[in-house]
Amino acid sequence: MQKLLINGKKELFGKISISGSKNATLPILAASILSNKIKLKNIPLVKDIFTMIELLKSIGLKITILKKKNILNIRNIDQNIKTVAPYKLVKTMRAGVLVLGPLLARYKTAKISLPGGCAIGTRPVDLHLFALKKLGAKIRIKNGYIIAEAKSGLKGTKITFPNISVGATENAILAAFKAKGKTILNNCAIEPEIQNLILFLNNLGGNIKIIGRKIIIPNCKNIKKDVTHKVIFDRIELGTYMIAAALIGKKVKFKNVDTRIVKNDIQLLKKMGIKMISKKSSIEIFKSKNIKKINIETRPYPGFATDLQAQLMVLMTQAKGISKIKENIFENRFMHVPELKRMGANIKISNKTAIIKGPTKLTGAEVMATDLRASVSLVLAALIADNRTIINRIYHLDRGYEYLEKKLKNCKARIKRI
Ligand code: EPZ
């Protein structure tokens with residue numbers, strides 16, 4: 001198993017280019033089932049994307065990857081389509097469940113493995129199934145699979161989600177896209193990744209509108225056969241590296257970003273005393289001395305992203321005083337805490353809130369990654385820790401961070417994969 005070896009305390013200096021968003025690419029890949037010929041640009045070449053590509057190929061789509069240019073060409077010639085998402089693929093990449101909506105929309109039937117849980121929580125799909133049933137799908141669970149049918153097609157309707165869910169919102173949009181009549185979804189997730197999915201679907205011929213947390217999806221009569229789409233940048237990757245720069249950056253510049261999308265993250269870091277210049281499509285972060293404590297809770301967008309919680313916690317270990325971070329989205333997303341404590345962090349947890357006392361000196365240790373974002377918080381801690389840190393199970397990192405070592409090495413970090 002590969003490991004990462006990091007020698008800490010080396011200031012970061014240089015530029016980091018942000019990749020396309022994994023969490024926008026995944027639903028857009030699922031949506032490509034609905035069309036015939038798609039070209040996707042700015043694709044992040046990370047493990048989860050390759051798993052989704054494998055799933056789409058097993059369904060029967062033809063996909064070519066132009067790795068050098070981060071471009072995917074996808075064709076659906078409607079031959080030998082298998083409307084199945086097998087356990088072996090969905091268990092490693094939960095977002096495989098997102099093919100359920102488009103398969104039902106186009107082929108009126110689907111057999112999708114239940115994704116099962118992961119390190120951060122049980123990850124149920126009840127809200128996905130709730131929405132699809134409202135759209136007229138007949139759904140039953142058998143031998144760990146979701147068996148879904150919509151013999152006479154799906155029918156548009158009004159749906160109010162009892163709780164906000166990114167994946168369930170995406171699955172409902174994808175199913176409603178070809179349903180008869182109009183669908184109105186209330187209490188939706190409106191993450192930038194969902195907004196990018198909607199932009200893609202509207203490029204396909206849709207006329208989807210977002211008003212607050214309401215999403216209106218008229219039936220798309222004729223889906224364009226040949227569409228090109230550039231995937232939005234990854235705001236979680238950007239937030240991760242902004243925090244790295246806040247922790248130990250001398251001067252780090254981020255380009256090809258849209259700072260309107262991350263304006264709340266920018267405000268948050270400024271409130272913590274981080275020095276930066278942010279323009280429309282670039283951000284520059286400078287060495288910041290007195291990092292201020294802060295209290296924050298994770299919330300659906302535009303609230304503070306749960307996917308940045310572990311990373312911000314590392315910054316809080318360097319803030320003067322007591323900081324608090326409450327995790328409202330997932331039931332078990334503090335797996336990074338014991339590992340950070342082994343590196344010297346002073347963190348206590350009491351009912352979903354982490355209480356972090358800073359500033360504390362971190363020292364290198366051998367640690368273990370558990371989920372994608374917990375893993376990267378260990379990388380951040382290692383960058384500021386004394387001497388050497390070894391991070392095990394870094395396959396978690398490879399699921400969502402493209403060229404992580406290369407990007408950090410380009411900014412002078414002492415990091416290598418062994
Ligand atoms: C998406 O997961 C992201 N994944 C996650 O990023 C992200 O953490 C999460 O949204 C929240 O922002 C992708 O986009 C591929 P949810 P998703 O449905 O859709 C509960 C990463 O690191 N829930 O918004 O699975 C659920 O258990 C990943 O890139 C139900 O109860 O998240 C959770 O507590 C990790 N029933 C909460 O809702 C359901 O049917 C939010 O989950 C669905 C979800």
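How many residues of domain 1 are in contact with domain 2, and how many residues of domain 2 are in contact with domain 1? In this predicted model, 24 residues of domain 1 touch 24 residues of domain 2. The domain assignment places residues 4-19 together with residues 233-417 in domain 1, and residues 22-230 in domain 2, with the centres of the two domains, taken over C-alpha atoms, separated by 30 Å.

The size of an interface is often given as the accessible area lost when the parts come together. For domain 1 and domain 2 this buried area is about 1,800 Å², of which 51% lies on carbon and sulfur atoms. On the side of domain 1, the residues that lose the most area to domain 2 are Tyr301, Arg399 and Glu402, which together account for 33% of what that side buries.

Polar and charged interactions were then examined. Across the interface of domain 1 and domain 2, 2 salt bridges are found, and 10 residue pairs are in polar contact, both residues of each pair having a pLDDT of 80 or more. By class, the side of domain 1 that touches domain 2 comprises 10 nonpolar, 4 polar and 10 charged residues. A salt bridge is also formed between Arg235 and Glu193, in which the closest N and O atoms are 2.8 Å apart.

Methods. Residues are numbered from 1 along each chain as its sequence is written. This is a predicted model: local features need pLDDT of at least 70, side-chain atom pairs count only at pLDDT 80 or more; totals for chains, interfaces and linings use all residues. Side-chain values use heavy atoms; hydrogens and water are left out. Domain bounds come from an automatic or database domain assignment. Contact means heavy atoms within 4.5 Å. Buried area is the accessible area (1.4 Å probe) that two parts lose on being put together, summed over both. A salt bridge is a side-chain nitrogen of Lys or Arg within 4 Å of a carboxyl oxygen of Asp or Glu. A polar contact is a pair of N or O atoms within 3.5 Å; within protein, one must be able to donate a hydrogen and the other to accept it, and residues adjacent in sequence count only if both atoms are side-chain atoms. Ala, Val, Leu, Ile, Met, Phe, Trp, Tyr, Cys and Pro count as nonpolar, Asp, Glu, Lys and Arg as charged, and the others, Gly among them, as polar.
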